[in-house]
Amino acid sequence: MPIVAIRGPEKPSVGKLALVRSLPSGLADRSPWSLTQTFGLVLLLVGHVLGAGAFSSLRAEPVTVGTPDIGWDGNYTVGRWTPVKVPIHVPAATSVQLKLSAVDSDGNRVGFQVPAASLTAGDHLITGLIKVGRLNGEVGIQVNDGTEQRTAPGTADWLREPLRPSVRLIVTIGQPQGFVWESDSSLRGVEVRVADIKASALPTNPLAYDSISVLVIAGAAELSTAQAKAVRQWVAGGGRLIISLPQDASAARQSIQSLSDWLPVAVGEQPVVVREFAGLEAYAAKNLRIPHTTTLSIPSVRVETGEVLAASRSDAFLVRAPLGLGMVTVLALDLTKPPLVEWKALPSLCARIAGLGTTGESNEKAAAKGTQLSSTGITDLQTQLNAIQEHFEKVQRGSPWFTMTLMLALMIVLGPLDYLLVHRILKRPQLTWVTYPLLVIITAGSTAWLAVSWNGTARHANQLDIVNVDVATSTATGRHLVTVYSPVTSQSDVSVTPLPLVEGTNASNSTQLIWQGVPEANFGGMLRPMGIEQGAKYWQQSDGQLSELPVMQWSSKALVAQSVQSVPNLVECDLKSSATGRLIGTITHRFSSPIEDWMVVYKNVVYRHLKQKDDVATLPLPSKQVWRVEQPGVHSRELRPYLTGMITMATPRFGERTVTEVTHHQSTYDPLSLDPASVIRILTFHDEVGGERYTGLTNQLLGSEDCSHLMKMGRAILVGRLSQPVATIQQDQQALEPDRQATFIRLILPVAPASEVIRDLRRVVEE
């Protein structure tokens, strides 16, 4: 603050006297000393203000924002969560809040608020999450209340155009070899993008991994405890993790130390000596030998439940095990060092491990079948689910044909009929000035009344919940699909709160509620270019809920939320595989309501409990009641014929009695079906029933919900329906009762293989 010195009485000079005379009488009558005091006080106040402003400008030095880093080495997928890292420089200790924004699939802008953080002076890196809804939608970055900087894809080096949902994004750590294929980033008809990052760059938020198809950790790369926890939750939700161990056994155990408490693959303390790798060479399917001249000492790996993909006579070196909806693959050889880096068949091996086994021919057939359904506007299972959710029984709208007929009738009434009335019947053409406006008013009023009666004046909502319970880890993950309908253009606050599945426990309180798009290029799809923004902006708060969500009049908005909760003792099972491969054992659940319309699938076989053999609906599975597989009334059938309605017919050839022709007929999949139960069943076993070749639909956004791969690793899947709600919807702080609510439960059940059953029998006999 400026310092003003005030001195004692002083004889005024001529200039001072002239100044005194020019002042108003009220001030001129004062003594020079009073004037000196007055001017001193004025200067003191002015100096204080100016000084405070100068110092405040120094204190308010703006936060400097560096070049952002979006996605995985610049790669991110439209319609999926992606991390954004923003480097900032803070000149002095202060509180900083990062605000990100992107457009959704409807063209509205949604902001994502990162919780405010108190930072010290210096350089920092703030991480947030966004979900981009259009291929060329702008991304905005704002710090505190500063100006938002928006950037369109392709206009800056750090912001590329997002990947389409059909592109497989593989993220590698440790620079493993073998994950570089053709220059056009495609392999066997599957488009692939590979991004290599450092282990320290892995996020600690599980949602940040949403865009990743496969995560590869190779060599001596180590993860922190927080990173390992995030990777575990991502894998349990349907992710695929590949671990390539260092050749040294102690280094291998050290590299997975942070993962050891949940990793379904065990690494032995003692290494094993391998003299031949014929199993691995056969798995690569290239008929190329691994270049090595001596025996190799590698870590010992084993799985209790899973499958061995490659092994020598007594030791496995490539295994795969399930974890929730996902799976973990462990290779006991280092992809960063010889002899694998010198093996010419390594890219083929990595492609098979990553699940890129689809041939280009099958993709072309599926694409051809999908184009036949393009007139429906539905080419993906996510689109069909959205269509089911957007169907409100209380909103009865006319078909496009009715609208076109109504427009044709209006043109006839306003044209020829009006002319016939005033010219031929009344013979007074001047009456057109009365009849024509009257017909327009009547038509407009009738149309408005019809629109209101059809579309209604009340809010509506549909809710579809998919709950996956991994019995082995006692963890439940929920996907809550909510579609809200508004009779007027409005902005409201919406939240979804999951309910505990087990009494006395708490559900997740960090549910992330966000818009849900469809991978289509038509109206409302994410694959069409961005046009004019609608102008409305809403926010996802730091607690994951939405505020000021815009919904246009007589339209709907599709939302999705995810939840995770621990469910100890919710489901108990003692399932085993018999020597013939059949499922035996018991299942007990403690849901508050019975499971209805359910079935158990194990090794491509469906087990259903029926009152009569030909019944369509199964008997309900009551709560807290032990159900046994091997009991009367339980009927089995192969999975694919059951879900596809396949019928096998044997007819004798013409003129021959013994020789017959066997033909298979299956029902055509209906992408316009509004039955959510049939869609959930196909979604659960999409690859097993033939995938795109049967449905004609892709499964790009809901691929993690496919459980087909779990059946190959010793898991049984129970799919059924619950009548109890598992989440509630609030709109503007009031509970919103959905018009239609459906809850589907999927239990991932561990099954003891036949070898373990035999060992248990031997142990009992010995005792």
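# Briefing on local features of a predicted model

Lysine 624 is placed in the loop between strand 33 (605-609) and strand 34 (627-628); helices (H or I, at least four residues) and strands (E, at least two) are DSSP runs, numbered from the N terminus. The model is predicted, and local features need pLDDT of at least 70, side-chain atom pairs count only at pLDDT 80 or more, and totals for chains, interfaces and linings use all residues. Residues are numbered from 1 along each chain as its sequence is written, and side-chain values use heavy atoms, with hydrogens and water left out.

**Backbone geometry**

- Lysine 624 has a positive phi of about 60° although it is not a glycine.
- Lysine 624 counts as exposed because its relative accessibility is 65%; exposed means over 50% relative accessible area, buried under 20%, and partly exposed in between (1.4 Å probe, protein chains only).
- Asparagine 287, also not a glycine, has a positive phi of about 55°.
- The loop between helix 6 and strand 18 (296-298) holds asparagine 287, which counts as exposed at 74% relative accessibility.
- The peptide bond joining proline 338 and proline 339 is cis, with omega about 10°.
- Proline 339 is in the loop between strand 22 (326-331) and helix 7 (346-353).

**Aromatic pairs**

- A search of the whole structure gives 7 aromatic pairs; rings of Phe, Tyr and Trp (its six-membered ring) pair if their centres lie within 6.5 Å, and planes under 30 degrees apart count as stacked, over 60 as edge-to-face and the rest as tilted.
- Phenylalanine 277 and phenylalanine 317 have ring centres 5.2 Å apart and planes at 55°, so this pair is tilted.
- This pair links distant parts of the chain, 40 residues apart: phenylalanine 277 is in the loop between strand 17 (272-274) and helix 6 (278-284), and phenylalanine 317 is in strand 21 (residues 316-323).
- Phenylalanine 277 and phenylalanine 317 are both buried.
- Tyrosine 669 and tyrosine 694 form an edge-to-face pair, at 5.9 Å centre to centre with 65° between the planes.
- Tyrosine 669 lies in the loop between strand 37 (660-665) and helix 13, and tyrosine 694 in helix 14 (residues 692-695), so the pair ties together parts that are 25 residues apart in sequence.
- Both tyrosine 669 and tyrosine 694 are buried.
- Trp72, Tyr209 and Trp234 are linked into a cluster by ring pairs.

- Isoleucine 682 is part of helix 13 (residues 676-684) and counts as buried, at 4% relative accessibility.
- Apart from neighbours within four places in sequence, isoleucine 682 is in contact (heavy atoms within 4.5 Å) with Leu643, Tyr669, Val689, Tyr694 and Thr695.

**Charges over rings**

- Lysine 131 lies over the face of tryptophan 515, at 4.6 Å from the ring centre; a charge sits over a ring if NZ of Lys or CZ of Arg is within 6 Å of the ring centre and within 35 degrees of the ring normal.
- The charged end of arginine 352 is over the ring of tyrosine 283, 4.2 Å from its centre.

**Nonpolar surface**

- Leu408, Met411, Ile412, Leu417, Leu420, Leu421, Ile425 and Leu426 make a nonpolar surface patch of about 740 Å².
- Leucine 421, in helix 10 (residues 400-425), is partly exposed, with a relative accessible area of 36%.
- Patches are made of residues with over 30% relative accessible area and no salt bridge, like charges being joined within 9 Å and nonpolar side chains (Val, Leu, Ile, Met, Phe, Trp, Tyr) within 5 Å.
- A salt bridge is a side-chain nitrogen of Lys or Arg within 4 Å of a carboxyl oxygen of Asp or Glu.
- Accessible areas come from the Shrake-Rupley method with a 1.4 Å probe, and for residues only the protein chains shown count as cover.
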